[in-house]
Amino acid sequence: MKKIEVIIKPFKLDDLKTALHDIGITGMTVSEVKGFGRQKGHTEIYRGAEYQVDFIPKVKVEMILEAKMVEQTITTIMEATQTGKIGDGKIFVLPVDSVTRIRTGEKDLDAI
């Protein structure tokens with residue numbers, strides 16, 4: 001099993017959700033996060049005063065899936081979220097040793 005964490009622009013969330021559903025991934029966790037990489041924030045003007053916004057709003061999507069689904073999922077994520085502009089985001093793939101569904105006690109793939 002693998003965990004995929006995706007950091008994307010917020011306006012791409014619905015596109016991503018639809019694309020993942022189309023390949024059979026229906027479970028995910030979504031968090032609103034802030035951060036920066038090469039994008040480095042930007043300057044805004046509020047009531048005539050200029051200030052630096054260091055952290056850019058992003059969305060973090062997490063999902064657990066079978067290892068054999070990883071490549072298809074990465075391709076789907078890229079197709080659904082890529083704009084070609086700086087700040088499109090990142091995809092992280094991590095190993096998952098075990099999953100247990102609290103309600104039933106099901107383990108691993110049965111718990112996904």
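The dialogue below takes the terms in turn.

Tutor: This is a predicted model, in which local features need pLDDT of at least 70, side-chain atom pairs count only at pLDDT 80 or more, and totals for chains, interfaces and linings use all residues. Residues are numbered from 1 along each chain as its sequence is written, and side-chain values use heavy atoms, with hydrogens and water left out.

Student: What makes up the secondary structure of the protein chain?

Tutor: Helices (H or I, at least four residues) and strands (E, at least two) are DSSP runs, numbered from the N terminus. The protein chain has 2 helices and 6 strands, and from the N terminus on the elements run β-α-β-β-β-β-α-β.

Student: How do you know whether the protein chain is a compact globule or more spread out?

Tutor: The radius of gyration is taken over C-alpha atoms, and the globule rule is 2.2 Å times the number of residues to the power 0.38. For 112 residues the rule gives 13 Å, whereas the radius of gyration of the protein chain is 17 Å, well over that value, so the chain is more spread out than a compact globule. The C-alpha trace spans about 55 × 30 × 20 Å along its principal axes.

Student: Why is Thr81 called buried?

Tutor: Buried means under 20% relative accessible area, exposed over 50%, and partly exposed in between (1.4 Å probe, protein chains only). Thr81 has a relative accessible area of 7%, so it is buried. Thr81 belongs to helix H2. Buried residues make up 29% of the 112 residues in the protein chain.

Student: What is Thr81 in contact with, leaving aside its neighbours within four places in sequence?

Tutor: Contact means heavy atoms within 4.5 Å. On that basis, Thr81 is in contact with Ile8, Lys12, Leu16 and Asp88.

Student: Is Lys9 buried or exposed, and how do you know?

Tutor: The relative accessible area of Lys9 is 13%, so Lys9 counts as buried. Lys9 sits in the loop between S1 and H1. Not counting residues up to four places away in sequence, Lys9 touches Lys58, Thr83, Lys85, Ile86, Gly87 and Asp88. A polar atom of the Lys9 side chain lies 3.5 Å from the backbone oxygen of Ile86.

Student: What makes Thr100 partly exposed?

Tutor: Its relative accessibility is 41%, so Thr100 counts as partly exposed. Thr100 lies in the segment after strand S6 (89–95). The C-alpha atoms of Thr100 and Asp88, 12 residues apart along the chain, are separated by 33 Å.

Student: Which residue has a side chain joined to that of Thr100 by a polar contact?

Tutor: A polar contact is a pair of N or O atoms within 3.5 Å; within protein, one must be able to donate a hydrogen and the other to accept it, and residues adjacent in sequence count only if both atoms are side-chain atoms. The side chains of Thr100 and Lys107 are joined by such a contact, of 3.2 Å.

Student: How do you know that S1 and S5 pair, and in which sense do they run?

Tutor: Two strands pair if DSSP finds at least two bridges between them. S1 and S5 are joined by 7 bridges and run antiparallel; Ile4 stands opposite Met63 in S5. S1 also pairs with S6 in the antiparallel sense over 7 bridges, and Glu5 has Phe92 as its bridge partner in S6. Strand S2 (residues 29–35) pairs with S5, again antiparallel, over 7 bridges.

Student: Why are the buried residues of H1 said to be on the same side?

Tutor: The buried residues of H1 are Leu16, Ala19 and Leu20. They cover an arc of only 100° around the axis, which puts them on the same side of H1; the arc is that of the directions from the helix axis to the C-beta atoms. The face turned away from the buried side carries the exposed residues Asp14, Lys17, His21 and Asp22. What covers the buried residues of H1 includes S1, S5 and H2.

Student: Which members of the largest nonpolar core touch the most other members?

Tutor: A nonpolar core is a set of buried Ala, Val, Leu, Ile, Met, Phe, Trp, Tyr and Cys residues joined through side-chain atoms within 4.5 Å. The largest has 16 residues, of which Val6, Leu16, Met63 and Leu65 touch the most other members. The elements that give two or more residues to this core are strand S1 (2–8), helix H1 (13–22), strand S5 (56–65) and helix H2 (70–81).
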